[in-house]
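Subject: Structure handover

Hello,

Please find below the structure I said I would pass on. My notes on it come after.

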Amino acid sequence: MYTDPIADYLTRIRNASSAGHRVVEIPASNLKKEITKILFDQGYILSYKFEDNAVQGKIKIALKYDKATKEPVIRKIQRVSKPGLRKYAGSSDLPRVLNGLGIAIVSTSHGVMTSKQARNENVGGEVLCYVY
């Protein structure tokens with residue numbers, strides 16, 4: 001049993017992309033599904049598929065690689081807010097990752113979204129992770 005399922009999710013993606021795997025399977029949860037949708041919408045993963053069975057379900061993620069250099073598109077994926085130390089930010093204090101080249105995923109009262117979307121909707125929340 002792991003205590004931080006989001007860190008486990010990010011670590012599985014990080015390990016699979018550094019090992020050159022095409023597909024990674026992750027145990028599903030609603031928060032992980034929302035993060036997966038954001039990664040797909042922002043172009044960091046190729047595709048995803050939710051497989052629901054009786055117990056928990058799985059998320060299958062097809063990782064994306066650069067065609068010319070065969071490098072993974074996700075250079076770094078890093079957990080920010082941890083169970084031992086939560087990181088919250090107001091709408092005016094939301095982080096910009098690599099001066100706008102990366103994304104910060106934020107859990108707000110309006111749902112999970114990127115920091116740019118949260119800034120546009122003028123809501124703050126818990127900063128879950130950085131992706132670039």
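This is a predicted model: local features need pLDDT of at least 70, side-chain atom pairs count only at pLDDT 80 or more; totals for chains, interfaces and linings use all residues.

Residues are numbered from 1 along each chain as its sequence is written, and side-chain values use heavy atoms, with hydrogens and water left out.

Whole chain

The chain has 3 helices and 8 strands. Helices (H or I, at least four residues) and strands (E, at least two) are DSSP runs, numbered from the N terminus. Along the sequence their order is α-β-α-β-β-β-β-β-β-α-β.

Along the principal axes, the C-alpha atoms fill a box of roughly 40 × 40 × 25 Å.

Of the 132 residues, 41% are buried. Buried means under 20% relative accessible area, exposed over 50%, and partly exposed in between (1.4 Å probe, protein chains only). The accessible surface of the chain is about 7700 Å², and carbon and sulfur atoms account for 49% of that surface. These areas come from the Shrake-Rupley method with a 1.4 Å probe; for residues, only the protein chains shown count as cover.

Taking contacts between residues at least 6 apart in sequence, 61% join residues at least 24 apart. A contact here means heavy atoms within 4.5 Å.

The chain carries 21 positive and 12 negative charges, and their mean positions are 4 Å apart. Lys and Arg count as positive and Asp and Glu as negative, without His and the chain ends; each charge is placed at NZ of Lys, CZ of Arg, CG of Asp or CD of Glu.

H1 covers residues 5–19 and reaches 21 Å from its first C-alpha to its last, close to the 21 Å expected. The expected span is 1.5 Å times one less than the number of residues. The buried residues of H1 are Ile-6, Asp-8, Tyr-9, Leu-10, Ile-13, Ala-16 and Ser-17. What do they pack against? Their partners are helix H2 (30–41) and strands E1 (23–27), E3 (58–63), E4 (77–79) and E8 (125–131). Just after H1 comes Gly-20, with a positive phi of about 85 degrees.

H2 has 12 residues and a span of 17 Å, close to the 16 Å expected. Lys-32, Lys-33, Ile-35, Thr-36, Ile-38 and Leu-39 are buried in H2. An α-helix has 3.6 residues a turn, so residues three or four places apart point the same way. Gly-43 follows H2, and its phi is positive, near 85 degrees.

Single residues

Asn-99 sits in the loop between strands E5 (88–89) and E6 (103–108) and is exposed, because its relative accessible area is 64%. Asn-122 is in the loop between H3 and E8, and its relative accessible area of 58% makes Asn-122 exposed as well.

Lys-116 belongs to helix H3 (residues 115–121). Its relative accessibility is 60%, so Lys-116 counts as exposed.

Regards
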